[in-house]
Amino acid sequence: ALLIKSKSDRTYYVITANHVLPQHDIVAIRSISVTLKYNKKRYAARIYRCSSKHDLAILRITDRDFDHEFRGQPAVLGDSDTCSVSDAVYALGHPNDDRWLMTKGKIVALNEVTSHITTPLIHHSALGGLGSSGGPLLNTQGEVIGMNIVMDVENDSDRTSQRIFALPSNIIKEFLARELRP
């Protein structure tokens with residue numbers, strides 16, 4: 001997931017893949033918690049907005065202690081339009097609730113669609129794993145240029161045939177601008 005901070009009111013938001021949230025009754029489930037790995041503390045949050053079209057969800061952190069206790073840096077959303085095929089990328093994930101995993105790959109194709117998502121996506125070769133959805137795709141400057149949302153595996157026994165797709169950061173920025181308007 002990505003953590004961002006509103007410039008206008010100092011509110012923190014978590015941006016993640018919509019499909020990682022409990023889907024049985026997303027309207028009824030409004031309260032959720034966010035756990036930071038470094039301090040293992042849970043913080044109260046609310047589901048703020050969701051988009052099944054983009055497989056995108058915004059959680060608003062409502063815990064008042066978060067601003068005082070968070071010691072990291074919010075994500076920097078880069079410009080996904082500057083990406084080119086064969087650019088080096090890094091995928092961060094948390095597969096199978098294990099340790100953090102960072103893998104290096106390259107952009108394979110731009111503006112691809114899948115049977116799951118019809119929004120143009122970034123196809124890349126940085127290996128992921130189940131549980132990596134919502135993790136950032138970074139360029140070599142450390143900017144988020146996408147969020148991993150789809151992993152197609154042609155053969156479950158052959159992980160080398162997986163195809164991984166990320167939602168471009170510019171689509172995320174457009175969604176945030178529309179949904180986080182004051």
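What volume does the largest pocket have? About 1200 Å³. This is a predicted model, in which local features need pLDDT of at least 70 and side-chain atom pairs count only at pLDDT 80 or more, while totals for chains, interfaces and linings use all residues. Residues are numbered from 1 along each chain as its sequence is written, and side-chain values use heavy atoms, leaving out hydrogens and water.

**Stop 1: the largest pocket.** Select Ala1, Leu2, Val14, Thr35 and Trp100, the closest to the centre among 40 lining residues. A pocket here is an open set of points on a 1 Å grid over the protein atoms alone, where a 1.4 Å probe fits, with protein on both sides within 12 Å along at least five of seven lines; lining residues have an atom within 4 Å of a point. Now colour β3 (31-35), which gives the largest share of the lining, four residues. Strands are DSSP E runs of at least two residues, helices H or I runs of at least four, numbered from the N terminus.

**Stop 2: the second largest pocket.** Go to Ile4, Lys5, Ser6, Lys7 and Leu180, which lie nearest its centre. Its volume is about 510 Å³, and α2 gives the most to the lining, with three residues.

**Stop 3: the core.** Next, pick Ile15, Leu56, Ile149, Leu167, Ile172 and Leu176, which have the most contacts inside the largest nonpolar core, a set of 21 residues. Such a core joins buried Ala, Val, Leu, Ile, Met, Phe, Trp, Tyr and Cys residues through side-chain atoms within 4.5 Å; buried means under 20% relative accessible area, exposed over 50%, and partly exposed in between, with a 1.4 Å probe and protein chains only. A second, separate core of 14 residues includes Leu3, Tyr12, Leu36 and Ala45.

**Stop 4: two positive phi values.** Zoom in on Asp55, in the loop between β4 (42-51) and β5. Its phi is near 55°. Asp55 is buried, at 7% relative accessible area. Then jump to Asn111 in strand β7 (residues 101-112), with phi about 60°; Asn111 is exposed, at 62%. Most residues other than glycine have a negative phi.

Stop 5: Follow β7 to β8, its antiparallel partner, joined by three bridges; at least two DSSP bridges make a pair. Glu112 stands opposite Leu121 in β8.

Terms used. Points joined across faces, edges and corners; volume = space filled by probe spheres on them.
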